[in-house]
Amino acid sequence: MANVVEQLKHLFMPKSVAVIGASRHPGKIGHEILRNLIEYGFEGKIYPINPTAEEILGLKVYPSILDVPDEVDLAVISIPAHKVPHVLEECGVKGVKTTAIISSGFGEIGNVELEREVLDIARKYGIRILGPNIIGVVYTPSKLNASFGPRDVVKGNIAFLSQSGALGIALMGWTITEEIGLSAVVSLGNKIDIDDADLLEFFYEDENTRVITIYMEGLRDGRKFMKVAAKVTKKKPVIVLKSGRSERGAKAAASHTGSLAGADRIFDAAFKQSGVLRAITFEDMFDWARALATQPPVRMNEAVIITNGGGAGVMATDAAEEYGVNLLEPSPKLIETFRKYMPEFGSPKNPVDLTGQADAKSYYGAVKAAFESEEVGAIIVLYCRTAVLDPMDMAKAVMDAVKDAKEEGYVKPIVVNLLGGEDTIKASKELNRKGIPSYPIPERAVKTLGAMIKWSKWAGYLK
Ligand code: COA
């Protein structure tokens, strides 16, 4: 069998894409996929296929894939399910390498025969299939948006795989608002051919991807997934949100994508054994992904909390215990260093409380000192909105400290929390844009560091 990574390059980095069922009518799926392809800026060739149209969105239309005067790497198929076998047969004759079958109406509604027929044709010609029953595929480094989801996917290095199409679309939109940078969005649907494990193999090698996130309802081949995941997670974090944890949830998953959800504790054990981080909510999944995609591994589980609010410091301390984050007992020397950046009534122990009168210089000094100290393995910075220090100035102080520390060769993970109103959200976004993960409540920052510690241990960075 051909190497799966090489095969999937045709899916993610195609030189040419055909849209079979490209519609003339705006609002129809086949039209919107074509529009996304064009408007997201795909630089390869695009071939709309439709037997009854001549030109759509300014592109020449071909009646059949067999009429395209060029090789086709990827065919996106968006015609009713019963017509799929015929066009897939044509794709085979044409030598198309991969297909993404958007159409619903297969195994998920009991049409297993049709699914079988499609798979047999694909095997006969050596075509790989993504789907069916999917929203499509996005790969930002190729400027490829072959989906009917939102257009302006933010470029980054997190791959997002989703078994559910609608959730995939919804979360694509959410990642745009939250400015979470993605390398790929892959809708898996009924997974009759390409599955999670195949995609893990691809993203393991893909230099544009640092973290892989998966929304999963079930697996057809659990052993295959575990085996590949155990390899991939040593190099890149894999975060899975597996739904169907409750008995009723599992039944709902079965009727949604035909998944046999299985006993949840079996999945839980399998994820642990293969180094997969299990998230319970989307918030966790993307919180962790954001940090794991930007921060270095944790090499020492000795964290320091730097705050201007005692209360936030206590909350973070409680969370640290809950999420496996060790808080450093600073040496007398480090305590004296921190003391320089606070008034007399501040607390230089851990949490390092700069007090409510902390200004940008206090934050810069304390954060920089934490980077420079050999005792500190990870840094948690908290800020409560005060009238003394504008959130954007605080964010800038942290950015400067991180930048200067980096220039001097100090690299360690940092997570930030800005607690307050509208202007703290803006400052938080600015930090995220600069690759410093920032969260609206202390617990999310600490929980994220906990996940980073878990992965760093698994991957061997941390004893
Ligand atoms: N080759 C190429 N084009 C063909 C064709 C063929 N063999 N047969 C028909 N077409 C054209 C049609 O003429 C039409 O173009 P037009 O609108 O310009 O006339 C276009 O392809 C689409 O075909 P149509 O029959 O109108 O289908 P549709 O757009 O109503 O539905 C699907 C097609 C795939 C969208 C629909 O069957 C479906 O499965 N919808 C659900 C998809 C979904 O939600 N997936 C994700 C699940 S999370």
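**Close-up views of a predicted model**

**View 1. Helices α6 and α7 packed against each other.** Helix α6 (residues 196-205) and helix α7 (residues 222-235) have axes that come within 9 Å and cross at roughly 20 degrees. Because angles under 35 degrees count as roughly parallel, α6 is described as roughly parallel to α7. The crossing of α6 and α7 is left-handed. The structure shown here and in the following views is a predicted model. On the α6 side, the residues that meet α7 are Asp196, Ala197, Asp198, Leu200, Glu201, Tyr204 and Glu205, while α7 contributes Lys224, Phe225, Val228, Ala229, Lys231, Val232 and Lys235 to this contact.

View 2. The buried residues are Asp196, Ala197, Asp198, Leu199, Leu200, Glu201, Phe202, Phe203 and Tyr204. Among them, Asp196, Leu200 and Tyr204 are buried and also take part in the contact with α7.

View 3. Seven strands form an open sheet in the order β9-β8-β11-β10-β12-β13-β14, and their pairing is mixed. Strands β9 (144-147) and β14 (277-278) are the edge strands, each of them pairing on one side only.

**View 4. Strand β11 between β8 and β10.** In the order of the seven-stranded sheet, β11 stands between β8 and β10. Strand β11 is mostly covered, since six of its six residues are buried. Three bridges connect β8 with β11 in an antiparallel arrangement, whereas six bridges connect β10 with β11, and these two strands run parallel. Ala184 of β11 is the bridge partner of Tyr139, and Ala184 is likewise the bridge partner of Ala159.

View 5. Helix α5 (residues 165-177) lies across β8, β9, β10 (155-162), β11 (182-187) and β12 (211-216).

**View 6. The five-stranded sheet with parallel pairing.** A further open sheet consists of five strands in the order β16-β15-β17-β18-β19, and their pairing is parallel. Strands β16 (352-353) and β19 (438-439) stand at the edges, each with a single partner strand, so one side of each is left without a neighbour in the sheet. Strand β15 (residues 303-307) runs parallel to β16 and is joined to it by two bridges, and in this region Ile306 stands opposite Val352 in β16.

View 7. Helix α14 (residues 391-407) lies across β17 (378-384) and β18 (414-419). The angle at which α14 runs to β18 is about 175 degrees.

View 8. A disulfide is a covalent bond between the sulfur atoms of two cysteines, and the structure holds zero disulfides. Two of the cysteines are shown here, and their surroundings can be described by relative accessible area. Cys91 has a relative accessible area of 0% and is therefore buried, whereas Cys384, with a relative accessible area of 22%, is partly exposed.

Methods
Residues numbered from 1 in each chain as written. Predicted model: local features only at pLDDT ≥ 70, side-chain atom pairs only at ≥ 80, totals over all residues. Heavy atoms only, no water. Disulfide = S-S within 2.5 Å. Buried < 20%, exposed > 50% of the residue type's maximum accessible area, 1.4 Å probe, protein only. Pairing = 2+ DSSP bridges. Helix = DSSP H or I, 4+ residues; strand = E, 2+ residues; numbered from the N terminus. Contact = heavy atoms within 4.5 Å. Axes fitted to C-alpha atoms, helices over the stretch in contact; angles between N-to-C directions. Parallel < 35°, antiparallel > 145°, perpendicular 65-115°, else oblique. Left-handed = near helix turned anticlockwise from the far one by under 90°.
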